[in-house]
Amino acid sequence: MNADLSFLVPLGATVLLEVLTGFLLGLRGKKELLLVVLVNVLTNPLLHLLAGGVYVLAGREWMRIAIYAVLEPLVILAEGWIYQFGLKVSHPYCMSFIMNLVSITGGVVWTLLSH
């Protein structure tokens, strides 16, 4: 039996984009950047698993897009909540929003270029 590891590409891209964005926004500590990695390793596969499950159950592409539109703000809030305890920033929710906006934009650009 072969494992489907296709989720690793978007996960790796998300981690890379969000760590780079965090660095550009002032995160310099190894523990801070590691927290960004760990948070994304938790939230990214869960988000895609839920969106994929909705697509499989509903069979409609617009449902997958709709579930991302519903879940992504929840991811931003959850990550911001975690960041307020682990990052020394004054606006953890804003940082979460910006990092996710960059990774979402990267994902959209990748999708458009690869199709």
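On a 1 Å grid over the protein atoms alone, a pocket is an open set of points where a 1.4 Å probe fits, with protein on both sides within 12 Å along at least five of seven lines, and its lining residues have an atom within 4 Å of a point. A volume is the space filled by probe spheres set on the points, which are joined across faces, edges and corners.

This is a predicted model, in which local features need pLDDT of at least 70 and side-chain atom pairs count only at pLDDT 80 or more, while totals for chains, interfaces and linings use all residues. Residues are numbered from 1 along each chain as its sequence is written, and side-chain values use heavy atoms, with hydrogens and water left out.

The largest pocket has a volume of about 1100 Å³. Its lining is made by 34 residues, and Pro10, His48, Tyr68, Gly107 and Thr111 lie nearest the centre. Among the helices (DSSP runs of H or I, at least four residues), α4 gives the most to this lining, with 9 residues.

The structure also holds 1 aromatic pair (ring centres within 6.5 Å). Trp81 and Phe85 form this pair, which is edge-to-face (planes over 60 degrees apart), at 5.1 Å centre to centre and 80 degrees between the planes. Both residues lie in helix α3, 4 residues apart, about one turn of the helix.

| Residue | Relative accessibility | Class |
|---|---|---|
| Trp81 | 48% | partly exposed |
| Phe85 | 61% | exposed |

Notes: Helix = DSSP H or I, 4+ residues; strand = E, 2+ residues; numbered from the N terminus. Phe/Tyr/Trp six-rings, centres within 6.5 Å; stacked < 30°, edge-to-face > 60°. Buried < 20%, exposed > 50% of the residue type's maximum accessible area, 1.4 Å probe, protein only.
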